[in-house]
Amino acid sequence: MKSELKPLSPDALYTVCNPNELPFKTTTDLEDIDITLGQQRACDAVQFGLHIKGNGYNLFALGPAGTGKFSTIQQIIRQIAAERPPAFDWCYVNNFARPYQPIALKFPAGQGTQFREDMEHLIDDVSAAIPAAFESEEYRTRAEELEEELHQRQSDALTALQNEARNHHIEMLKTPAGFAFAPMNKKNEVLDPEQFNQLSEDERKEIKNNVEKLHDKLKKLLGQFPIWRKEMVEKVRTFEREIAQSAISPLVEILKNRYQHLPEVIDYIAAVQNDIIEYVHDFQVQSDESPLFLLGKGSREQVLQRYKVNLLVGNSEHDTAPVIHENIPSYGNLIGRCEYQAQMGALVTDFTLIKPGALHKANGGYLLLEARKVLQQPYAWESLKRTLEAGKIRIESLERTFGLISTASLEPEPIPLDVKVILIGERFLYYLLDQFDPDFPALFKVAADFEDTMDRSRENNLLYARMIGSLARQENLKPLEKKAVVRLIEHSSRLASDSEKLTTHVRSMTDLLREADHWASQSGHPDITVDDVQQAIDKQIYRVDRVRERINEEIRRGTILIDTEGEVVGQVNGLSVIQLGNFSFGKPSRITATMRLGEGEVVDIERETELGGAIHSKGVLILSSFLSSNYSRDEPLSMTASIVFEQSYAGVEGDSASLAELCALLSALAHVPIRQSFAITGSVNQHGQVQPIGGVNEKIEGFFDICNAFGLTGKQGVLIPQRNVKHLMLRHDVVKAVEEDKFHIYSVETVNQTLELLTGMPAGEKDDKGAFPVDSLNYLVEKQLLEFAALRRRYAHGPDSKKLDS
Amino acid sequence: MNTEITGTHEFGPISRIIIAVDALHESLNVLELAAKLAAKKHIEMSVLFIEDVNLINYSGLPFAREVDLVSAADRQLDMLQMMRTLQSQAQKTFRLLERLASQLKIDYSFKILRGDYATEVQSVAMKTDVLFLSKRVGRYSSMRLERSYRFTRSTMPSVKMQNILCVVYDGSPGSLRALALAKELAIATDRNLLILLQSSRNESADVFRKQVAEITKDEENRVRCVALSERDSSSLARVLKREKCEMLIVHKSDEGQLAGMLLQDPGCPLVLVQ
């Protein structure tokens with residue numbers, strides 16, 4: 001019996017784009033359009049996320065790579081940023097009280113740069129004013145007076161002591177190391193030992209006592225000298241402070257007036273003023289021969305380094321909020337870092353070596369990051385989360401955290417953070433983070449989900465044409481003829497694997513346009529023609545289909561066993577899709593089933609050998625269920641079946657072969673052969689309904705290529721689920737073969753329809769009593785299952801059962 | 001007043017210069033300056049090292065002690081130790097003299113005298129044209145101590161030590177000779193010269209200034225004049241100190257004046273010109 005099911009008409013295999021619906025000659029006639037076409041949901045989400053205020057309202061733009069997420073978001077952000085004022089300038093300056101904790105100063109945009117220049121001028125002016133002040137006659141006179149005062153005080157004290165000594169005929173002598181008291185004779189000469197010994201005992205004793213008393217007084221007096229010296233030094237310092245204060249006050253006041261609206265800056269200027277006064281000696285000119293100079297210290301620049309201003313972020317050249325894209329989101333590039341300089345073998349740092357991160361630069365604006373890159377950089381993700389949670393950018397040295405260096409480091413004052421972070425990444429990253437990182441949902445509350453496809457309609461076709469025109473203009477490509485646009489729209493549907501959809505994968509379309517432009521140039525076409533587009537498509541495929549060709553070659557040579565003619569029991573042509581990078585193609589696979597008495601078990605050899613994935617195993621288990629529920633329900637399922645993908649040495653995943661496997665199984669049970677001129681694809685449920693699968697176009701084309709290679713007989717074809725018909729966007733050669741009745745594509749809805757096409761005999765529907773017609777395939781299947789059940793029952797009663805029955 | 005200065009403005013020929021040093025004072029600088037002058041004039045350089053007899057006598061007393069100037073520590077003294085110290089200083093001075101003479105190729109003599117520094121200097125001074133004295137003369141110190149605080153200005157470029165030689169000029173023939181020697185010394189040692197015009201009247205100072213300008217016209221870049229307002233020695237000492245004078249050159253007219261100078265402390269080495 002021949003099945004009544006008709007093959008699909010050629011029109012159903014490829015949905016053309018009607019050129020008459022596109023009112024233009026070339027894309028030059030078309031107006032530009034946002035390349036955000038078909039991404040209304042994502043655009044709304046981005047707009048919402050960028051405008052809403054509140055903690056954690058950062059964005060995650062999710063979707064496949066190449067769908068234009070980055071350019072779409074950048075376009076929207078730039079529009080919004082243009083309406084916002086520029087961000088603040090941030091500077092790090094020295095903390096004179098705690099140099100390891102530099103102070104962060106905030107300025108309106110541009111004033112940070114100005115402040116840095118003002119401070120440089122101030123220090124230059126101070127460097128000139130202080131030496132001038134200390135060269136003044138007033139200072140010199142006063143300093144000499146103070147010094148003279150000390151010397152006079154010391155001199156007076158010594159002279160008084162000397163006079164006291166002279167009253168006792170004792171002179172104060174200078175010795176190589178100090179002073180001594182020597183008794184004198186009447187000639188005013190120091191007594192020599194002989195003269196001394198000639199004196200009476202009392203005289204000697206008196207002299208000795210007097211000398212000892214004078215010695216004691218001298219000791220006490222000299223002990224006072226350091227104290228007097230200290231007092232003098234303090235007076236000099238106080239005086240020097242006064243001089244320095246008077247010299248720099250007018251200069252500092254100018255600066256204070258200029259920044260009076262910024263209290264923190266005023267505090268810093270005051271601290272600078274105090275420090276200059278305290279270390280006024282540093283404004284002297286150091287000799288280059290100083291040992292300190294050789295150590296890199298003590299030079300004028302080194303000494304005045306502490307008054308410098310490290311302009312971390314300057315927005316003087318911007319008039320809108322910053323939009324920063326950090327391409328290498330490492331820890332340091334995100335959070336900022338403290339760099340070091342090698343000096344005499346040691347690593348040193350100070351506040352001038354603090355470098356900004358992307359968060360600093362984007363503060364007050366927007367920061368675009370690629371999620372995958374952030375996650376790949378060590379500690380970048382954790383530090384980004386920590387910073388967003390804290391609302392402050394705290395620069396911490398990773399080296400110090402991990403003990404990689406033991407040199408002194410800085411703890412810069414954290415800077416308040418006001419930024420929208422936009423992460424861009426694939427969907428699986430979003431869902432993984434959402435599921436496994438508890439911080440993620442709180443920090444990235446807005447998801448902008450980019451569509452893979454958009455509806456294909458008359459209006460959208462025209463919009464799509466405009467988008468193609470815009471892309472061509474953006475990329476400085478040639479204009480496209482209408483037919484070329486038509487072909488691109490049709491190809492877009494093929495890329496979407498759906499005749500009712502268009503792909504939104506902008507990168508693929510852009511690449512194709514560039515390549516078509518290239519071929520147009522090669523051919524000397526002024527505009528891109530349909531041939532150029534087709535050539536670009538063909539060449540893209542040609543460059544990557546080496547593996548497909550090798551596989552087809554091996555099938556053709558009989559190395560891989562595929563029949564396209566004849567009939568075989570328990571054997572069917574299944575179809576699978578092989579994905580290699582961005583290129584996928586269909587490949588027929590022989591599926592076989594064997595049967596014997598058993599305990600109702602369907603053995604999936606792929607699963608047993610761990611070559612089958614979970615979904616594939618699920619599909620096979622559904623077969624068991626289908627058998628037991630559809631045939632001889634009152635009897636135990638008493639067979640053991642084995643199903644295998646022949647010559648498959650890699651993993652098999654998916655349930656798209658479950659219909660083929662079921663057909664092979666039923667063929668084996670009924671002992672009815674299957675036509676090998678057909679290949680089938682589709683999954684099946686427990687009720688025998690055929691369900692749609694993916695990659696239908698590639699699968700059909702894969703079997704067509706093999707049949708074409710063996711020779712088209714007019715009997716060959718592919719059975720696909722009826723619900724996949726709308727996905728058909730087949731190659732032109734396939735459609736042409738169908739048109740010429742050389743190849744057929746059937747859509748099926750049930751297992752029975754499939755069996756009838758494959759075997760050529762009726763499948764058979766159950767009557768009111770639940771029995772299949774005697775001449776149907778299902779009848780044969782059920783009969784075989786009942787025989788297995790009886791046989792099993794006999795074995796269950798022991799060895800004599802068979803004898804009794806007979 | 002006659003403003004005409006006649007003559008060559010050169011210090012006349014001398015046979016030798018004498019440098020009187022002792023153990024108490026640093027003699028390196030004065031020896032170097034003297035050696036350069038001797039080399040320029042191709043004359044002999046005689047160094048008298050005077051061992052202070054008072055120190056030796058005192059150190060022989062049973063209670064001889066000294067109080068250290070820096071630490072105020074009390075130390076016992078004895079004669080042997082004192083003599084060793086003085087010998088050591090003499091040897092050190094001799095070695096320095098040898099080195100300078102070798103470098104500058106000059107003749108030299110070295111003599112150790114034991115006696116009172118002032119007395120010995122006085123006796124020598126009357127017999128020589130030029131006598132160099134190390135800083136601070138006299139039996140005892142003038143009770144002035146070294147500078148104890150580094151003032152800011154001391155490190156400023158414009159007030160750095162300028163290597164200044166000072167000479168007192170009062171219009172007398174002796175001061176004219178002193179000025180001539182000072183000029184030669186300044187040239188020989190590449191020093192600047194500060195001429196202290198000692199006059200009681202303003203008009204005299206102006207005359208002196210013109211005379212000095214005439215004498216030093218070929219060296220005006222290294223010469224500067226300052227009028228001393230007072231004739232007393234304290235005024236002179238203040239100027240020397242303020243200008244950080246490296247050496248003072250004066251003429252000696254008689255023994256009385258010399259004795260007075262020796263009792264004063266100019267705060268720098270002294271050159272006495274006959």
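## Finding your way

Helices (H or I, at least four residues) and strands (E, at least two) are DSSP runs, numbered from the N terminus. Residues are numbered from 1 along each chain as its sequence is written, while chains are lettered from A and ligands numbered from 1 in the order in which they are written. This is a predicted model, where local features need pLDDT of at least 70, side-chain atom pairs count only at pLDDT 80 or more, and totals for chains, interfaces and linings use all residues; side-chain values use heavy atoms, leaving out hydrogens and water.

## Positive phi angles

A:Gln647 sits in the loop between strand E23 (639-645) and helix H25 (658-670) of chain A. Its phi is near 55°, a positive value in a residue other than glycine. Most residues other than glycine have a negative phi.

Look for A:Asp741 in the loop between helix H27 (732-739) and strand E29 (744-748) of chain A.

## Salt bridges

A salt bridge is a side-chain nitrogen of Lys or Arg within 4 Å of a carboxyl oxygen of Asp or Glu.

The partners are 52 residues apart: A:Asp437 is in the loop between helix H16 (427-436) and helix H17 (440-443), and A:Lys385 is in helix H14 of chain A. Are these two buried or exposed? Both A:Asp437 and A:Lys385 are buried.

A:Asp455 and A:Lys501 form another salt bridge, their closest N and O atoms being 2.5 Å apart. A:Asp455 is in strand E17 (residues 453-455) and A:Lys501 in strand E18 (residues 501-503), so the pair ties together parts that are 46 residues apart in sequence. A:Asp455 is partly exposed at 45% relative accessibility, and A:Lys501 is partly exposed at 25%.

## A nonpolar surface patch

A:Tyr379, A:Phe402 and A:Leu404 form a nonpolar patch on the surface, with about 350 Å² of accessible area together. Such a patch is made of residues with over 30% relative accessible area and no salt bridge, with nonpolar side chains (Val, Leu, Ile, Met, Phe, Trp, Tyr) joined within 5 Å; the areas come from the Shrake-Rupley method with a 1.4 Å probe, and for residues only the protein chains shown count as cover. A:Tyr379 lies in the loop between helix H13 (371-376) and helix H14 (380-390) of chain A.

Definitions and conventions: Patch = residues over 30% accessible without salt bridge, like charges linked within 9 Å, V, L, I, M, F, W, Y side chains within 5 Å. Buried < 20%, exposed > 50% of the residue type's maximum accessible area, 1.4 Å probe, protein only.
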